[in-house]
Amino acid sequence: MSAPQWKNPVVKWIDHRLPIFTMTHHSLVDYPTPRNLSYWWSFGSLAGVILVIMIATGVFLAMHYTPHVDLAFDSVERIMRDVNFGWLLRYLHMNGASMFFLVVYIHIFRGLYYGSYKAPRELLWIIGLLIFLAMMATAFVGYTLPWGQMSFWGATVITNLFSVIPFFGDAIVEWLWGGFAVDNPTLNRFFSLHYLLPFIIFGLVFLHLWALHEHKSNNPLGIDIKGPQDTIPFHPYYTVKDFFGLGVFLIIYLGFTFFAPNFFGEPDNYIEANALVTPAHIVPEWYFLPFYAILRAVPDNFIDVWGILPVIVSAKTAGVILMFGSIVLLAFLPWLDRSRVRSAKFRPVYKYLFWLFFADCILLGYVGGQPAEGLMLLIGRLATLYYFVHLLVFMPLLGKFEKAAPLPESISAAVTSAGAKA
Amino acid sequence: MADTTVPTGHGHDEDSSRRDFLLTSTVVVGGAGVIAAALPFIDYMNPSADVLALASLEFDLSGVEEGQSITVMWRKKPVFIRRRTSTEIKEAEEVPLSQLKDPQPDSERVEKPEWLVMVGICTHLGCIPKGQAPGDPKGEYGGWFCPCHGSHYDTSGRIRKGPAPRNLEVPPYEFTGDTTILIG
Amino acid sequence: MLRSISKIAATAAVFVTLGVAGTVTAAEKISPPAQDWQHAGIFGTFDRDQLQRGYQVYSEVCAACHSLRQIYFRNLEAIGFSENRVKAIAAEVEVAGEPDSDGESTTRQGKPFDRIPGPYPNEQAARAANGGAYPPDLSLMVKARLGGADYLYALLTGYGDAPQGMQMNEGMSFNEYFPGHQIAMPAPLSEDAVEYEDGTSASVEQMAKDVTTFLAWTAEPELEERKRLGIKVLLFLLVLTAMTYALKRKIWSDLH
């Protein structure tokens with residue numbers, strides 16, 4: 001890793017004063033990367049590309065969008081009908097949101113499977129969760145902007161969650177709304193925040209990358225880099241690999257955008273917001289469904305059993321606490337997981353528990369999309385219970401009782417002896 | 001980017017030239033894709049269909065008497081339409097071109113001599129000249145007068161005196177009937 | 001090996017749960033039967049004649065109660081009407097004009113750049129004229145209902161007598177596909193409700209199909225352009241991705 005010598009005099013002049021070219025070179029070109037990364041490692045850079053696509057389409061959409069309750073719905077339809085390629089940019093933005101979450105979820109589950117959150121990458125993981133939270137906030141306020149029925153009622157339901165905060169709840173909700181209901185001031189501030197938050201995400205991504213480059217990427221074996229024989233330069237090996245991944249991703253993303261643009265959407269959002277009519281089923285976008293299921297999981301009578309608790313929390317409060325807890329808990333995962341082995345490849349029990357946890361999240365997502373009654377409610381409760389048991393009970397216990405398989409000596413040893421299957 | 005430390009591998013000439021060819025063609029095709037992807041974004045900022053639908057408008061002039069003027073709005077700009085009297089037409093036609101700052105014969109500025117149609121924005125700094133309403137000052141040449149910096153226009157809307165550099169602009173228009181006009 | 005087994009087991013568990021849950025909910029709804037739509041599929045386009053017939057059904061039947069506010073007269077050129085025809089259609093309606101010099105409100109002939117006006121001045125008037133029910137705007141109907149065009153067609157042809165023992169509310173009609181089966185809109189289509197210019201026989205099914213296709217166009221006027229561009233973009237991406245894959249193989253080959 002020698003400092004590059006720049007030949008171009010302009011580049012040389014700039015780099016001497018602001019070593020931006022040298023920095024780029026070190027972090028994107030000769031950056032040493034484990035030689036055994038699989039395609040699951042392409043999803044990080046993919047998420048970065050989507051962020052750029054979302055900001056680009058979003059900035060342009062804002063040029064024709066009007067954040068006013070009387071005009072917002074029609075201004076979106078005007079973009080779809082009258083503005084040149086407006087339909088394309090709008091559908092790219094709409095489907096891009098779904099793709100962003102899809103890619104980030106895969107990225108998170110990859111981290112869970114290969115133990116990427118463990119020391120010394122705890123902070124990298126936590127910054128990632130902050131990015132995820134910021135994404136959720138951005139997606140939520142952004143979904144309000146088209147001012148359809150789901151926009152309005154989604155915003156109403158979710159902002160009402162804050163009313164569970166003791167003593168100040170109602171005041172806080174009114175403060176969020178800037179009025180006594182979701183209305184024009186709400187729409188205006190949501191638009192403002194929707195424009196701001198992506199740039200905060202951008203800053204967090206920078207920190208995420210900084211932390212990543214300090215200890216380098218984890219890898220499918222979960223063992224540390226021991227020397228130069230374990231790594232290859234990022235460019236051209238992973239640049240070309242990531243570009244191929246990007247190509248496959250774009251085919252899927254644009255396939256939806258051009259041929260099934262409303263696949264992820266809700267029909268109700270093509271009806272203009274109406275404060276007098278609630279849609280039959282209020283469902284959030286698919287990427288919020290697991291959390292929505294957790295929110296609705298707490299039974300009313302559950303609280304009564306505990307006698308004294310109702311004084312402090314109601315079922316609604318407990319649901320809200322569980323929902324936020326389900327994300328906050330992930331931040332403690334590096335310490336809840338006591339195992340010293342990172343990759344599930346060498347953890348015979350965790351390997352199964354990981355897939356059970358994954359299935360549990362999918363199940364929660366499915367339940368979140370169904371009316372909360374009967375069988376669905378029961379399944380939702382059990383799945384919620386399992387979510388927390390996995391994190392709070394299984395993960396710490398595994399570290400004590402699981403016998404890990406022997407780890408390979410080094411990345412290069414494993415790669416060359418196992419028949420070079422990178 | 002020329003000095004990266006890429007292991008050259010086996011270093012066969014054939015192999016590396018094939019690789020270079022693949023690399024160059026992929027970069028070219030990918031680059032073309034990026035440029036093509038930028039086009040919708042650029043076009044997005046062009047006037048949209050609803051704006052273009054108002055770009056050419058039809059107006060009914062049947063109510064305008066000789067010697068009267070009306071102002072209509074076209075592309076967010078005032079358009080002066082004047083049904084000129086025969087004296088005004090005569091005045092406009094008889095001015096020698098040598099006396100004009102921006103020489104243009106009256107016949108080039110009208111479809112029918114009776115109707116003078118022009119954008120009512122002073123070519124100096126964008127003010128709206130006076131002269132449409134009956135009581136307005138019409139300037140020294142009986143046409144229009146811009147109060148901002150004192151530009152005088154004649155009965156053909158040509159600049160005769162004052163700082164304005166050009167005659168009042170004539171928009172593209174055509175008569176679709178005896179008294180209906182399509183501007184734009 | 002173990003990993004793939006556990007993977008299969010876990011996915012199977014998910015799908016079994018989904019399957020069970022799916023059948024439970026499916027029994028409660030009657031889903032509209034799928035129709036053959038010319039605008040469906042990757043290469044689907046609208047039949048201009050059908051769109052024009054659909055517009056005729058809308059303007060002669062539906063427009064009595066339903067607005068189409070996202071559509072301007074000028075948009076009708078896209079379904080194959082000539083510029084003059086569109087002007088003539090627009091001129092048939094009166095729209096609000098600029099206030100005159102005395103400040104009195106005026107009306108003028110419709111122009112191509114005007115929106116197609118709705119039948120009622122406001123929601124209250126619409127409800128008053130329809131026994132309290134509000135006939136929704138139709139511009140986005142195909143996108144705004146689960147089942148889309150299939151649902152609309154099923155609804156338009158789904159009228160009939162209420163089954164024995166079903167208590168119908170006053171002024172409501174039975175419809176097999178409407179949620180709850182009681183709909184405030186009486187059966188809108190009857191044999192030969194319109195007389196088609198092109199001589200197509202105006203059966204209820206034909207009119208339902210035509211007007212649904214027209215409303216699919218009003219909901220997605222960009223559909224044809226979208227698919228045309230989409231095919232080009234995807235073909236390009238397939239080529240580029242294949243090239244990138246070959247390059248990736250080539251570059252990685254010297255590692256092993």
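# Chains A, B and C: questions and answers

Student: How much of chain A is made up of buried residues?
Tutor: This is a predicted model, and the values here are computed from it. A residue counts as buried when its relative accessible area is under 20%. Of the 422 residues in chain A, the share that is buried is 56%.

Student: How many helices and strands does chain A have, and what is its radius of gyration?
Tutor: Chain A has 17 helices and two strands. For 422 residues the globule rule gives 22 Å, and the value for chain A is close to that, so the chain is as compact as a globular protein of that length. The radius of gyration of chain A is 24 Å.

Student: What box do the C-alpha atoms of chain A fill, and what share of contacts joins residues at least 24 apart?
Tutor: Along the principal axes, the C-alpha atoms fill a box of roughly 65 × 60 × 40 Å. For the contacts, take those in chain A between residues at least 6 apart in sequence. The share of these joining residues at least 24 apart is 79%.

Student: What area is buried between chain A and chain C?
Tutor: The size of an interface is often given as the accessible area lost when the parts come together. Here 49 residues of chain A are in contact with 49 residues of chain C. Carbon and sulfur atoms give 71% of the buried area, which is about 4400 Å².

Student: Which residue of chain C meets Asp82(A) in a salt bridge?
Tutor: Between chain A and chain C there are two salt bridges. There are also nine residue pairs in polar contact, with both residues at pLDDT 80 or more. In one salt bridge, N and O are 3.0 Å apart, and the partner of Asp82(A) is Arg74(C).

Student: Which element gives the largest share of the side of chain A that touches chain C?
Tutor: The elements that give two or more residues to this side are α4 (72-81), α5 (86-113), α10 (234-259) and α15 (350-368) of chain A. By class, the side has 36 nonpolar, five polar and eight charged residues. The largest share is 16 residues, and the element that gives them is α10(A).

Student: Which residue of chain A forms a salt bridge with Asp50(B)?
Tutor: The contact between these chains takes 16 residues from chain B and 24 residues from chain A. It buries about 1800 Å², of which carbon and sulfur atoms give 65%. One salt bridge is found across this interface. Its closest N and O atoms are 2.5 Å apart, and the partner of Asp50(B) is Arg78(A).

Student: Which element gives the most to the side of chain B that touches chain A?
Tutor: Between chain B and chain A, eight residue pairs are in polar contact, both residues being at pLDDT 80 or more. The elements giving two or more residues to the chain B side are α1 (13-44) and α2 (49-53) of chain B. With four residues, the one that gives the most is α1(B).

Student: Is Thr212(C) buried or exposed?
Tutor: Thr212(C) sits in helix α7 (residues 204-219) of chain C. Beyond four places in sequence, the residues touching Thr212(C) include Trp37(C), Val142(C) and Tyr153(C). Its relative accessibility is 0%, so Thr212(C) counts as buried.

Student: Which residue has the backbone oxygen that the side chain of Gln182(C) reaches?
Tutor: Gln182(C) lies in strand β4 (residues 182-183) of chain C and is buried, with a relative accessible area of 16%. One residue in contact with Gln182(C) is 15 residues away along the chain, with the C-alpha atoms separated by 9.7 Å. The side chain reaches that residue's backbone oxygen at 3.1 Å, and the residue is Gln167(C).

Student: Is Asp192(C) buried or exposed?
Tutor: Asp192(C) lies in the loop between β4 and α7 of chain C. It has a positive phi of about 55° although it is not a glycine. With a relative accessible area of 58%, over the 50% cut-off, Asp192(C) is exposed.

Terms used. Residues numbered from 1 in each chain as written. Chains lettered and ligands numbered in written order. Predicted model: local features only at pLDDT ≥ 70, side-chain atom pairs only at ≥ 80, totals over all residues. Heavy atoms only, no water. Contact = heavy atoms within 4.5 Å. Buried area = accessible area lost by both parts, 1.4 Å probe. Salt bridge = Lys/Arg side-chain N within 4 Å of Asp/Glu carboxyl O. Polar contact = N/O pair within 3.5 Å; in protein donor to acceptor, adjacent residues only side chain to side chain. Nonpolar A, V, L, I, M, F, W, Y, C, P; charged D, E, K, R; others polar. Rg over C-alpha atoms; globule rule 2.2 N^0.38 Å. Buried < 20%, exposed > 50% of the residue type's maximum accessible area, 1.4 Å probe, protein only.
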